[in-house]
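The sequence and model come first, followed by the description.

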Amino acid sequence: MSVLGFIGIPSAVAGLAVGFIVGMTGTGGGSLMTPVLVLLFGVHPATAVGTDLLYAAITKACGTVVHHIGDTIAWRVVGLLAGGSLPASFLTLLMLGRLHIENRVFLSDLIAHILGIALLLTTLSLFLRRYILAVAHRLSLHRKPRTEAAATLLLGALLGVLVTSSSVGAGAIGVTVLVLLYPHLPLKRIVGTDIAHAVPLTLAAGMGHLAIGTVNLPLLANLLLGSLPGIALGSWVAPRAPERALRLFLAVMLAIVGAKLAIG
């Protein structure tokens, strides 16, 4: 059986493990799932990214519903982010689609390197989160709405490129920068906003990858089969677990994987 057609218990178990970590820490969906597919299952990087994007769109849609009910989403900020991310995602998909036709080897190497860099940036954001929150508190006295709006559009564009090409960035990186841009918003509202924005971005990017032919639907189904109960279990265990130790472990693991992918 080819790796691309790999389905069954191992992929469902991978989904369960990643879902559990996401439920425990709130971080690590794309940051873990795509490297697992590439390094553990040998899936082509482009296919891993495309499959993970649709996986993220479905799982984050569930999270968005919960945050909307709890009124922890700043929809104006979601709109600004999407205004930058969706056009950037479309342009990135055009480039990836052309490379998929003309030079698949180069495309594989390019995505692997971008994925590695995105993972290292995610690691940095996890390590520096406490310091970033302190800086954001000081910046709360210096709000400039026009600057915030322009910077949010720019952040959206950056996330559009990163997420479409690596499936990483909409979580830890997005939250970290939003904390700096909107220090007056509670953290739970920042997280809810980031999750809500990830839904249209990952859905649009995932559908683009599906059109290109870089999505494995049977693999996606198996990942979801394992991850949804994994997220629920992780969320139940989270209040009883040492969050700081878990985040440190996750950051170190992402740094090692990111360095491996970035260096090649």
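## Helix packing and cores

Of the protein's 264 residues, 50% count as buried, where buried means under 20% relative accessible area, exposed over 50% and partly exposed in between, with a 1.4 Å probe and protein chains only. The model is predicted: local features need pLDDT of at least 70 and side-chain atom pairs count only at pLDDT 80 or more, while totals for chains, interfaces and linings use all residues. Residues are numbered from 1 along each chain as its sequence is written, and side-chain values use heavy atoms, with hydrogens and water left out.

The secondary structure consists of 11 helices and 0 strands; helices (H or I, at least four residues) and strands (E, at least two) are DSSP runs numbered from the N terminus. Contact means heavy atoms within 4.5 Å. Among contacts with a separation of 6 or more, 83% join residues 24 or more positions apart.

**Cores.** A nonpolar core is a set of buried Ala, Val, Leu, Ile, Met, Phe, Trp, Tyr and Cys residues joined through side-chain atoms within 4.5 Å. The largest has 33 residues, of which Val 77, Leu 107, Ile 111, Leu 155, Leu 178, Tyr 182 and Ile 190 touch the most other members. H3, H4, H5, H7, H8 and H9 each give two or more residues to this core. A second, separate core of 16 residues includes Val 18, Leu 32, Phe 41 and Val 215.

| Residue | Contacts (heavy atoms within 4.5 Å) |
|---|---|
| Val 77 | Thr 152, Leu 178, Tyr 182, Thr 193 |
| Thr 64 | Ile 73, Trp 75, Ile 195, Ala 196, Val 199 |

Thr 64 lies in helix H3 and counts as buried because its relative accessibility is 11%.

**Helix H8.** This helix is largely enclosed by the rest of the structure, since 8 of its 10 residues are buried. The buried residues of H8 are Ala 172, Ile 173, Gly 174, Val 175, Thr 176, Leu 178, Val 179 and Leu 181.

**H3 and H9.** The axes of H3 (residues 45–69) and H9 (residues 187–212) come within 7 Å and cross at roughly 140°. Axes are lines fitted to C-alpha atoms, for helices over the stretch in contact, and angles run from 0 to 180 degrees between N-to-C directions. H3 and H9 are therefore oblique to each other; angles under 35 degrees count as roughly parallel, over 145 as roughly antiparallel, 65 to 115 as roughly perpendicular and the rest as oblique.

Technical notes: Lists of a residue's contacts leave out its neighbours within four places in sequence.
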